[in-house]
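Biologist: I have a structure open and would like to learn how to read it. Could you take me through some features, one at a time?

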Amino acid sequence: MTNAWLRRLGPMVLGGALVAAASASAGAEELRIGFIAAITGPFAAVGKDMVDGFQLYLDQHGNKLGGADVKLIVEDDQAKPDVGVTKARKLVLQDHVHMFIGGILAPTGYALAPVSTAEKTVYISSIPAADDLTQRQIDKYPYFIRTGWSSSQPSHPFGQWACEQGYKKIAVIAADYAFGYEVVGGFQKSFEDCGGKIIQKIWPPLGSKDFGPYIPAIKPDADAIFSLMVGPMVPQFPKQLAAAGNTKPVIGGGTSYDEFVLPAMGDEAIGGVSPLQYSAALETPKNEAFVKAYRAKYNKVPSYFSESNYTTAQLIDETIKQTGGKFPGPEEFVKVMAGLKIDAVRGPVSFDDMRNPIQNIYIRKVEKKKMFGYDKAELWNTVIKTYPSVSQFWKYDKAAFLKQPVYSRDWPPCGNCE
Amino acid sequence: MTSRRKVWAVIAAVAALAIVVPFTSSFVILLATRALAFSILVMSLDILLGFTGLASLGQAAYFGVGAYMTAILAAKYQIGLGFDFWLVVVGGLLIGAALAAVFGLLAIRASGVYFLMITLALGQCVWGLAYRWNSLTNGDNGINIQVRPRFGIDLANEVTFFYVVLGLFAVSLFAMYVLVRSPFGRSLAGIRERELRMKILGYNTWLHKYVAFIISGAFGGLSGVLWAHTAGIVSPVNVELTTSVDALLMAVLGGAGTLVGGAIGAFIVIALREYLSTVVPWWQYVLGGVYVLTILYLPSGLMGIPARIRQRRGALGKREGDKTLATAPS
Amino acid sequence: MNLHFWLIQAFNGISYGALLFLVGSGLSLIFGVMRIVNLSHGSYFLLGGYVALTVIWTTGSWVLAIPVAGLAIGGIGLLMERIFLRPLGFDPLRQVLLTVGFAFLFQQAALDIWTGNNFDIEPPALLTKSIQVGGLFLPLYRIFMIASAAVIGIVLWLAMEKTRIGATVRATVDDAEMARGIGIDTSRISMFIFALGALLAAVGGVIGGAFLGIYPGLDFEILPLAFAVVIIGGMGSLGGAAIGALLVGLADNFGKALFPEVSYFTLYAPMALILAIKPTGLFGRE
C-alpha cells in the first residue's frame, strides 16, 4: 500500500521542499535571467548560437550586467511552443527570474508573450520575429520587448532593392509557417508597390528537406527566385536548386544564408542575396572584434542568432546601469530599455513606440573570400548596400499599415500569380 | 492487496493529492495538473491495452482531436470560455468517441501487431491533417488559447483549475473502474485472455472490442480538452507519434491492466521529464533506462511490484492480480 | 503541368522511394522473421549517418563511410537483439516497447556524441553534378540513390531466393514453428536478420544523409515513412518493400507537389485503408 502512496506523494513533497529551500536563498543584488532555447532537436544548432552569443557578453563583463551579478538559467524548449510555455512557467514560478529571453520560432513567440502578461514578467524576444507581437497585438503584452527584428522589417527595403535591380517577375518559395508568410508578405508589398510582380508562391512545409516536388514547379518566366528557408532546410535548398540546373539569380530572406549554417554550405550558395539587420562580414571595428572573440571562443563564425543575444545582453546591461544596478520592476524595465539608443555590433539600435528595434538593414551577398585576417577563403555575407534607421513600418504610414491584416499565407493576395 | 483495499488506497491517494498539492509551489501545481490531464489519456489506453489486450499506437489522435476542438472553439469562436466550458467537456467526449467509431471500423478487424500498425497509420493521418490543414488548425504554428474559462470560478487561478482537473480525473477513473468491473468489462478481460474461447461461447467479440475502442476514444478526447486548457497551446506536436508512444510507455510503466497504473506512469514520467531535466542534463538516459528496465524485469509495471515481492517471499503464488503483457498470439 | 513536370516529379518520387526502400526493407525483414515492430529503426538510420560523418571527418573518405557505418550499426543491432530482445522470448508487445526505450536512449547518446548541429554529408564532387537528358536536369546523386537501392535490392533478392541461408530465412518468415521443426536455428536467423535490418537502415542513413541532412529528430521523422513502406508493401516481403517504397515515394512526392494542403494525409490515409482491408499489407504473407 505504501508504494502507491509514495509514488504519488514523493515527487510532490520533494518538489515542495526543494522550492522552499530555493526561495529562501534567493534575493540580494542578483539578476536572474531565464533563457529558453532549443538545446536538443532539429534547431539545436540555433539554440547553441543564441546561448553562446549571450554568454560571450557575460564573459566579457565579469558575469555582471549593469553592475548586478547575473544568474543565467538555460532551459530547453526543443523549439516546441508548448514545451517553451512550460519552461517559461517553471522559470518564473520556480526560479523567480526577473525576465526570460528567447524562443526561436514565431509560434513560440506567440505562445510565450501571453505567459509574460499572465505572470507579470518581462519577456525579451531576441529571435522570434512574429510581426504582430509588436504591431496589432502589442497592447496585450505590456511586459514584452523585442530586441531582434520583426519578420517583415528587412523585407520592405529589400523589395525596393529588387525593383532597382530590374527584376519584374519573381517566384517565391518559402517555408509554410507564420515567419515565412511575414517575410514574403513584406517583400511582396514593397516589391509590388514599386512595380514588380510576384508570379508564384510555393510553400514547402517547415522542415522539408526534399525539394524534389517543389523545384520543378518554379515558373520558368521568373526573373529571379525568392527563397525563405529556416533551420534544417537552409543547406539543402540551394544544393538541390543548383543540381536541378537553375540559372536564375536567387535572392531570399535573411535566414536563408545566415552564418549559422553558411560555413557548412558549398559553392552553390555563392551569389545569394538577402537582407538582414546583421552580417558577420560587416566591416566595422566593433563587429570585427565581436567576430574574432566569438570565433576564438566557440570555433565558429557568429550568426545573427549569436549577435542578437549578445546585443540583448548589452541592452540589459545599459538598462540596469540606468536603474542603479537593480532590477526596477517589469514596467519600468521595459520602459527604460525602450528608451535606449545604443551602438551595437550590428550598428545603431533604438526602439520605436511599439518596442521593436529601429536599425540598419544590410543587403548582403554571399561571396567566397578572406576576411578579418583569417587565412582561408570562406563564405561570407558581404554587405553591398545599407538602409539606415529602418523601422518595422518602413516608409508606410503606421496607422494605415496597422489597418491592413497581418501578413499571412493569403495576404497580400497573389494577384499576379499565374 | 485485495480489491477492496486497493480501492481505498486509490481514494486515499487522490485525497492526499487534493490536500497536499495546493500547498506546494505553483510550478508543482502546474505539473500535477498536466499529469492528471494526461493520465486520463493513459488510462483510456489502458482500457484497450490492459483490459482488452489491444495495444494502440494511435491514442494521440483522440487526444489531439479533443484538444484542437477546444482550441478552435475558444480561439476562433469564443466558445467554451464560460459555463459552456462544460459543453466543451462533453463535446470532447463525443468527438473522441465519434473519431474512434470511424477508426474502429477499420482497426478492430486486426489484432496484435497488426492492430499496432493500423492504429499508428490512423494516428499519422490525424497528425498529417493537423500539420497541413492550415486554414483549420493553423498548421505548425498551433493555436493559442489566451484565457481560461470563467464561470463563477476563475480557472485562470491555478489551484482552482487543479481542482477541476482533479475532479474530472477522479470522475473518469471512477467511470472506468465501474466499466471494467461490470459484466462488459469482464468479457473484455475474457477476450484479452482467450478470444477464441469467448467467440465459441457466443460472445460477439468484434462488438465488444469496438465498444471498448469507442469508450477509450471518448476519454482520450476528454483528456485533450483538459490538456488544451492546461498548456494553453495546441499544436501538431500533440498528435505526433511520440505522444502516442509516450502514453503507451506510461501505461506499461505503471502497470497495464490496473487503470491506476496509467496515472502512476504518467506522474513518474512527467516528473522525471520536467523535474529531472532541470537538475541534470542526462535525464533522458534515466528515462530510457527506466523504460528498458521496466520492460525487461517488471512486465506488470510498477503496480506489479507488490505482487512480485509477495511472490518472492513464497506467498500464495500467482494471484488474479498478476497480469502479464503477453497478448494472445494471433 | 507539362510532360516535363510529370517526368521530373516521377523521377524525384522514384529516387525518394529508393531511399525509403533501404530503410524499409530492413524493417520489413525484421518483421517478417521476428514479428517485431522495430521502433528503433529510425534511430539506426540516423546513427548510420552520424557514424558516416565521423568516418568522413577522420579519414576524408565517403566511400569508406558506407560499409563502416553499415557494419557498425549492424553490430549494434546484433547486440541489441542478443542481449535485450532475445531474453523477452516471444512477446511482441514487450519487444516493441523495448525498441522504443532504446530509441530514446540512442537519441540522447547521439546528441551527446555528435552535438545537436545540423550536418550534411558531402558526397564526392562527381555526384553533385547533374546530367541533362532531353531537357531534363537529372541530379546524379538521385541517380546514385536509385542505383544503389536497385543493386542492394537485387543482391538481397538473390540471397533470399538462391542461397540456402535465404531459403531458411524464407522458411522462418512463412512459418517459424515448422522451420524449427525441421531443424532450422530460428534464433540465429533472427539475430542475423535483425543485424541485417540495422545495417540496411544505416546504409540508408549514409546515403540519405547527403539528401536530407543529419540532425536530431530525423530518427522519428523517418520512422513513420519506413512503416508506410512496410505496411503498403507487406510485412516480410522484400518485393513488397520495393513496391511499397516506390508507391510511398511517388505518393509523397506527387502529394506534396499537387495537393500540398493534405500531403501527409495522402500518404497515411491509403496506408490505413490498405491495412483495413488487408491487415498484413498489400503483399504480406501470413
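Modeller: Start with what counts as a helix: helices are DSSP runs of H or I with at least four residues, numbered from the N terminus. Keep in mind that this is a predicted model. By that rule, Gly26(C) lies in helix 1 of chain C, residues 3-34.

Biologist: Is Gly26(C) buried or exposed?

Modeller: A residue is called buried if 20 or more other C-beta atoms lie within 10 Å of its own. Gly26(C) has 32 other C-beta atoms within 10 Å, so Gly26(C) is buried.

Biologist: Which residues is Gly26(C) in contact with, leaving aside its neighbours within four places in sequence?

Modeller: Contact here means C-beta atoms within 7 Å. For Gly26(C), the partners are His41(C), Leu196(C), Gly197(C), Ala198(C), Leu200(C) and Ala201(C).

Biologist: How do I read strand pairing?

Modeller: Strands of a sheet pair through backbone hydrogen bonds, either parallel or antiparallel. In chain C, strand 1 (residues 130-133) and strand 2 (residues 136-139) run antiparallel and are joined by four bridges. Gln132(C) faces Phe137(C), which stands opposite in strand 2 of chain C. This hairpin has two residues between the strands, and Gly134(C) takes a positive phi near 55° there.

Biologist: In which sense do strand 1 and strand 3 of chain A pair?

Modeller: Strand 1 (residues 30-37) and strand 3 (residues 68-76) of chain A pair in the parallel sense, over eight bridges. Phe35(A) is placed opposite Val74(A) of strand 3 of chain A. In chain A there is an open sheet of six strands with mixed pairing, in the order 2-3-1-4-5-6. Strand 2 (64-65) and strand 6 (144-146) of chain A are at the edges and have a single partner strand each, so one side of each has no neighbour in the sheet.

Biologist: What is the phi of Ala79(A), and where does the residue sit?

Modeller: Phi of Ala79(A) is near 60°, which is a positive value in a residue other than glycine. Ala79(A) is in the loop between strand 3 and helix 3 (81-93) of chain A. Its count of other C-beta atoms within 10 Å is 25, so Ala79(A) is buried. Ser389(A) also has a positive phi, near 45°, and is not a glycine. Ser389(A) belongs to strand 15 of chain A, residues 378-390. With 11 other C-beta atoms within 10 Å, Ser389(A) is exposed.

Biologist: Which peptide bond is cis, with omega near 0°?

Modeller: The bond from Trp411(A) to Pro412(A) is cis, with omega near 0°. Pro412(A) is in the segment after helix 11 (398-403) of chain A.

Biologist: How is chain A divided into domains?

Modeller: A domain can be built from separate stretches of the chain, as the assignment for chain A shows: domain 1 is 31-150 + 286-358, and domain 2 is 155-282 + 361-403. The C-alpha centres of domain 1 and domain 2 of chain A lie 25 Å apart. Where they touch, 31 residues of domain 1 of chain A are in contact with 23 residues of domain 2 of chain A. Helix 8 of chain A gives the most to the domain 1 side, with four residues. That side of domain 1 of chain A has 16 nonpolar, six polar and nine charged residues.

Biologist: How many residues do chain B and chain C bring to their contact?

Modeller: The size of an interface is often given as the accessible area lost when the parts come together. Here the reading is a residue count: 38 residues from chain B and 33 residues from chain C. Helix 5 (112-132), helix 11 (241-254) and helix 13 (283-297) of chain B each supply at least two residues of the chain B side. Helix 5 of chain B gives the most to that side, with 16 residues. By class, the chain B side has 29 nonpolar, seven polar and two charged residues.

Biologist: What can be said of chain B as a whole?

Modeller: Chain B has 14 helices and four strands. A compact globule of 330 residues would have a radius of gyration near 20 Å, and the 19 Å of chain B agrees with that. Of the 330 residues in chain B, 59% are buried.

Key: Residues are numbered from 1 along each chain as its sequence is written. Chains are lettered from A and ligands numbered from 1 in the order in which they are written. This is a predicted model: local features need pLDDT of at least 70, side-chain atom pairs count only at pLDDT 80 or more; totals for chains, interfaces and linings use all residues. Two residues are in contact if their C-beta atoms, placed from the backbone, lie within 7 Å. Ala, Val, Leu, Ile, Met, Phe, Trp, Tyr, Cys and Pro count as nonpolar, Asp, Glu, Lys and Arg as charged, and the others, Gly among them, as polar. The radius of gyration is taken over C-alpha atoms; the globule rule is 2.2 Å times the number of residues to the power 0.38. A residue is buried if 20 or more other C-beta atoms lie within 10 Å of its own, exposed if 12 or fewer, and partly exposed in between; C-beta atoms are placed from the backbone. Two strands pair if DSSP finds at least two bridges between them. Domain bounds come from an automatic or database domain assignment.
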